[in-house]
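Here are my notes for you, written to be read with the model open beside them.

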Amino acid sequence: MMNRRATLEATERKAARRRREEAAGQLHAALPALRSLRLVVQEYREGAPSAECEHVRRVVVEHAPALFELPCTDAHCQDGGYDVTHEVLRALRAGQRSFEGRQACQGRRGGNECNRFLRYVADASYGPGL
């Protein structure tokens, strides 16, 4: 019973994500001059001196949605994650070649706010016209 419920919830989350991606449109349509985008993403626990996880996301501009949502990696965080779409698109529309940002997790852990935050550093390149 529990596995069936977890599978159903995962399927619902995946479908909701797909709807958000479709609503956001394609990145190359929104920013035709954008050629490449690389995001270095680090997740921290509040008060920790170093990142608990880090990864590099190379965005395939031609196929990517104009949506930048990342999940919280805390297994006990409910409804958590980071939506940096607005900040990333604003910087890209301004033609910034490098930019960074930080955002707190929007989820809950138990009865409290999740104590994690995301830091990202982006490098972008543009073609003619920008």
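**Notes on the fold and its details**

1. Read along the sequence, the elements follow the pattern α-α-β-β-β-β-α-β-β-β-β. That gives three helices and eight strands; helices are DSSP runs of H or I with at least four residues, strands are runs of E with at least two, and both are numbered from the N terminus. Along its principal axes the C-alpha trace spans about 55 × 35 × 20 Å.

2. A word on the basis: this is a predicted model, in which local features need pLDDT of at least 70 and side-chain atom pairs count only at pLDDT 80 or more, while totals for chains, interfaces and linings use all residues. Residues are numbered from 1 along each chain as its sequence is written, and side-chain values use heavy atoms, with hydrogens and water left out.

3. Of the 130 residues, 35% count as buried. Here buried means under 20% relative accessible area, exposed means over 50%, and partly exposed lies in between (1.4 Å probe, protein chains only). V59, in strand β2 (residues 53–59), is one of the buried residues, at 10% relative accessibility. V59 and L27 are 32 residues apart in sequence, and their C-alpha atoms are 9.6 Å apart in space.

4. Do have a look at the aromatic rings. The count comes to one aromatic pair, where rings of Phe, Tyr and Trp (its six-membered ring) pair if their centres lie within 6.5 Å, and planes under 30 degrees apart count as stacked, over 60 as edge-to-face and the rest as tilted. Y44 and F117 make up this stacked pair, with 5.0 Å centre to centre and 5° between the planes. The pair links distant parts of the chain, as Y44 is in strand β1 (residues 34–45) and F117 in strand β8 (residues 116–126), 73 residues apart. Y44 is buried at 14% relative accessibility, and F117 is buried at 9%.

5. For C72, the nearest cysteine sulfur is that of C114, 3.8 Å away. For C114, the nearest is that of C77, 3.8 Å away. C72 is buried at 13% relative accessible area, and C114 is buried at 7%.

6. The largest pocket holds about 620 Å³ of space. On a 1 Å grid over the protein atoms alone, a pocket is an open set of points where a 1.4 Å probe fits, with protein on both sides within 12 Å along at least five of seven lines; lining residues have an atom within 4 Å of a point. Grid points are joined across faces, edges and corners, and the volume is the space filled by probe spheres set on them. Of the 18 lining residues, R13, P71, D79, G80 and G81 are closest to the pocket centre. α1 gives the most to the lining, with five residues.

7. Please check D79, which lies in the loop between β3 and β4. D79 has a positive phi of about 60° although it is not a glycine. Most residues other than glycine have a negative phi. D79 is exposed, at 77% relative accessibility.

Conventions:
Disulfide = S-S within 2.5 Å.
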